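Let's take a friendly walk through a few parts of this structure. Have the sequence and the 3D view ready as you read.

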Amino acid sequence: MYGLVNQAIEDLVRTHHGDQAWEAIKRRAGVEIDAFVTMEGYPDEMSYGLVAAASAELGAPAEALLEAFGEHWTLFTAERGYGAMFKMGGSSFKEFMLNLHSLHSKIALGFPRLQPPSFWCTDVTDTSLHLHYQSARQGFTPMLVGLVRGLGRMYQVDVTITPQAAAAGENAVLFVTFTPTPHA
Amino acid sequence: MTALGLTPDQLSGAFPFHFVAGADLRIVQAGPAWVRVAPATCVGARLADVFRLQRPQHPLTPEALQLHVGSLMVLECLEGGLPLRGQFMAAGEGSLIFLGSPLLRDPSELAQFKLSLTDWPPHDPVGDYLFLLQGRDAALENARDLSSHLARQRDELRASVITLETSARARERAERRAEQVLDGTLDAVITIDSVANVTFWNTQAEQVFGWTRAEAVGQSLAHLIIPERLHAAHAEGMGRHLKTGEARLLGRRVEVPARHRTGREFPVELTITAMAGDDAVGFSAFVRDVTIERRNEHLLRSQHDVARILTSAQQLSAAAPAILESVCSQLGWAAGAIWLKDRRSVSRPGQGTGPATLRCLAAWADAALTATPFMAETRTMSMEEGTGLPGATDMEQAATVIDVAQCDHAFPRHALALQAGIRWAVSLPLSVEEESLGTLEFFSLETARPVAEVVEGLVSITRQIGQFILRERSERRLVAERQRLTLALEGGALGTWEFFPASGDGTIDERCLAMLGYQSGEFETTLRHWAMSLHPHDLPVFQVAFDRHLSGEIGAVEVEGRVRHKDGHWVWVLDRGRVIEQDADGKPIRVSGTLLDISARKRAESAQRQNDLRVRAMMDNLLEGLFILDGQQRILQVNRAFARKFGYDSKELPGCSIGDMLPDALSTDGHALAASYQRSMGQVLQRNGRRADGAIFPVELCLYEIETSDGRLVAGHVRDLSPLQEAERLKKQFVASVSHELRTPLTAIRGALGLLSSGAVGVLPPESSEVLDVAERNVGRLSAIIGDILDFERIQSGLFSIAPADIPLSSVVQGALDVVGTLAREADVRIAATPSDLRVRADEARLTQVLVNLLSNAVKFSPAGSEVSLTASRQQDWVEVRVSDRGRGVPEALRSIIFEPFRQAEQSDARRHRGAGLGLAICRAIVQQHGGTIGVTPRPGGGATFWFTMPAAGIATDMKEIL
């Protein structure tokens, strides 16, 4: 997992629970890194450990934390200079969702060790779509839900997300509805 | 058009920024993205009007484009400057197709040219390039963040290093300070290692034990400070601790004996702490020399013992052995003695003061000394003031410490003392309130000199003993006083009683019983019976008084009342009492008091009251007002007449200032009052009084001094003059009115008689003339009397005045002789006037009036045929005129009052000589108005001489000054 993801976890904890909580979570997770490097790849276990430690320290379910991380990640990443990249992904929520896979392919150019997940959309209308998610990592579906919510906030559309039954080989299928934007 | 075998839609999808130019270089087709971002690039526009060939640098001509077909070219849109990167390709029929996309070097240019990443087809690496650029920017920002983070960490690290360095220095300083502190502490601080060798030894330890730090460090602790007899125990304790961890002394404060370098043992307080080092265990000890504390404790304990012994003792002789034993035992003395001065030897009545003798009151010694000859000698000997150790101490009034071996002359017992092994003797003066009472002696077998602090501490014991002696004396005096009081009670008809409120029982002594006529055992001594014996009118008074006292409202009871005597009559008693014992809650247990028979005093008081009532009745019935003042002119007492005259209630006047009623009677100043009083005493003064309503009225005041039990007081009586003055005023008004009313008709009568006697109304028969003469003479006399009355009234009212002038006396004499001549001839009296050229300063008419009056009187009282002489002489500034007759004279008793109005020498004179008795009073007023004097003296040979003086002419006499 790239440092950018861990940074988002750190930023979320520090913003809402304070520096001491973050230090406690790091201690609990056995992480001795002072600062994550955005472009550096870190073991996936470290991210899992941080999430588990945060759940224990903050007394919240891991799923809820992951969803919160996902939503926060969108906003945090946009603030940290990746907003323009998001904009490259599309001029509207729908367009962005359709370009998710393309976006990750381009991101992979800059993150050579990235194992990007795959996204594709089906049943696309002006107000809804089915988002198919496939990844080598398990357990990040709640984070995807948060990511989609964050994107909705970024594009200023109301979003509802309903998990659907996933086909074999898929991690998740989300039915996403959204309000059309004027330029969508 | 189609190109590359693609349909237009396919071409636009794959190359959204493509355009196709014809052989004339006019645009014939453009991609959708191109149309969106550069609308000017419309179909038909000339290529050269829309673009500039930026790379290669070449004019945009067909030849140039044909030349570079297939090469990488960069076009720049003339409108907006958007660069395009791509290549021209031949599209047939001379047309060219440009396949490319915007060349952006920074993602931020997307917004500038209104482009989106989706404008680039997926195959176009420029889109990827821009994405990478964006990733690079994000990474750079992250790198900057990391750099800042590292910078902060570096700063924090530096700060930590500085802190560590500072801490290290602080630790070094702290260690040095700790060493200094340990050096500066009042306790000795010693540290030892696991084998009990000294590793630290502070300055105080050097002082306490006598070893320097250099000498002590590295040495065995036992060798340095532990008495030899304790070495084994010390070694055993150390070994046990190191082996088993058992620590009997660790962490506790204990007192143990220690040894000084000199070998002297002394008590120390010790606290030992184990110190765990890197390699071995050590110990630290805080040691404090408590020699002084223990000594003070022993001293304090001995003082407490002495106080306890003296508190329970009745006599010093009984307490002395116990005192000495306690002090010696506590403070380590082998023996002690108390010497007292024989008071009988100090003062011998009639022989003055002789030398006092000191005698041993008591002595005590420990077992080793008690049977020695020294103690036997001490117990039995006496010595005169100033001799021996006690005598010298008593004389010097200072503590004396003697080295017995070195001193024999001041210590006669020194041989016996040395024999007993005594090394030191200490003697302290026993005195209180600057009176020397004796001395205290203590003896020591120790070689060391007694410590000065111990000797000083003994002083407080001498004070305790001195105070006890004082108390002993006071108690003896108290016993004597009690005996005297008993005698006084017996002689003063004063009985005592006591009762117990809880039970109501009590006792009364025989004097009380005798007072009431009872024998012992005849009177039931209970409160109930006492109440029944009291007069019914007095019982409530007693009950109230005792209730108030028992409730704490008043401090004592003092009440008078009547108690029935055995024979039935009432005995007046003064009952005094107070609670003398209370329980823990403050409730009275015992009440005690005295009973005094005051019947005689009551009878006297009753008689006095009766007398006072009588005097008061007399005073109140007097018409004159009476008052008595205190030393500050405040009214003590007035009678009713005084209060009535001044408009007050007599009860409200005591305490008021007399100045409120008699504002000008006395001075308000205390000193002036005495002088004023002295001047006024016995005098009848006329002053103004002031009533309560402020009205002023005349009073006659007489002050006098009275002797009373309260000292000399000023008293006075006051008479209201208002009625008298009103009567006087009415009288004057009446006289003046009558005189004037008489004078007018009298003048008419005189005129009518004159007309008759002159024959103006016809000749009268001779017998009528005689009657007429009588009438004329009597009218003349009546006129003269009325004239005198009017003159006197003018004098009285202050309206009488004179007009002095320098005039010859002879003319005045002649004028008078003319008036009196007829009277003299009728009386056959000759007036012999001696000629005179004297001149006087006088009112001629008034002076004539005086002379006429005196000459008329002289003629009237002279026998027929006699002579009246009139002489004048100069007496310095005065002229004296004398009229002498040979009549019967003026009796001596009347000479002082004959010039008063309405006075004549004899009452018959008024009838015989038909006068009003005002002539001489008028003469005196006239003479005095001139400043002169008038009087009468007997004439040698019989008769009287009336004389007066007038100012000589030219003498400016100021009447006011003379008056």
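## Two helices side by side

This is a predicted model. In chain B, the axes of helix α25 (residues 809-827) and α26(B) come within 8 Å and cross at roughly 25 degrees. Angles under 35 degrees count as roughly parallel, so α25(B) and α26(B) are roughly parallel to each other. The crossing of these two helices is right-handed.

Which residues meet here? On the α25(B) side, they include B:V812, B:V813, B:V819 and B:L823. On the α26(B) side, B:L847, B:L851 and B:L855 are among them. Sorted by class, the contact of α25(B) with α26(B) has 13 nonpolar, three polar and one charged residues.

Helix α26(B) lies across β31, β33 (867-875), β34 (878-884) and β36 of chain B, and runs at about 140 degrees to β33(B). These strands belong to an open sheet of five strands in chain B, with the order β31-β33-β34-β36-β35 and mixed pairing. Which strands form the edges? They are β31 (830-833) and β35 (934-938) of chain B, and each pairs on one side only. On average, neighbouring strands of this sheet are turned by 20 degrees against each other, direction ignored.

## Strand pairs in chain A

Chain A has strand pairs to explore too. Strand β2 (residues 128-134) of chain A and strand β4 (residues 172-178) of chain A pair in the antiparallel sense over six bridges. Here A:H132 stands opposite A:V173 in β4(A).

Strand β3 (residues 159-164) of chain A is also joined to β4(A) by six bridges, and these two strands run antiparallel. In this pair, A:V159 stands opposite A:F178 in β4(A).

## Where the chains touch

How many residues does each chain bring to the contact? Chain A gives 18 residues and chain B gives 18 residues. On the side of chain A that touches chain B, α4 (62-88) and α6 (100-110) of chain A each supply at least two residues. The largest share, six residues, comes from α4(A).

What kinds of residue make up this side of chain A? They divide into eight nonpolar, seven polar and three charged.

Note on methods
Residues are numbered from 1 along each chain as its sequence is written. Chains are lettered from A and ligands numbered from 1 in the order in which they are written. This is a predicted model: local features need pLDDT of at least 70, side-chain atom pairs count only at pLDDT 80 or more; totals for chains, interfaces and linings use all residues. Two strands pair if DSSP finds at least two bridges between them. Helices (H or I, at least four residues) and strands (E, at least two) are DSSP runs, numbered from the N terminus. Axes are lines fitted to C-alpha atoms, for helices over the stretch in contact, and angles run from 0 to 180 degrees between N-to-C directions. Two residues are in contact if their C-beta atoms, placed from the backbone, lie within 7 Å. Angles under 35 degrees count as roughly parallel, over 145 as roughly antiparallel, 65 to 115 as roughly perpendicular and the rest as oblique. A crossing is left-handed if the near helix is turned anticlockwise from the far one by less than a right angle, and right-handed if clockwise. Ala, Val, Leu, Ile, Met, Phe, Trp, Tyr, Cys and Pro count as nonpolar, Asp, Glu, Lys and Arg as charged, and the others, Gly among them, as polar.
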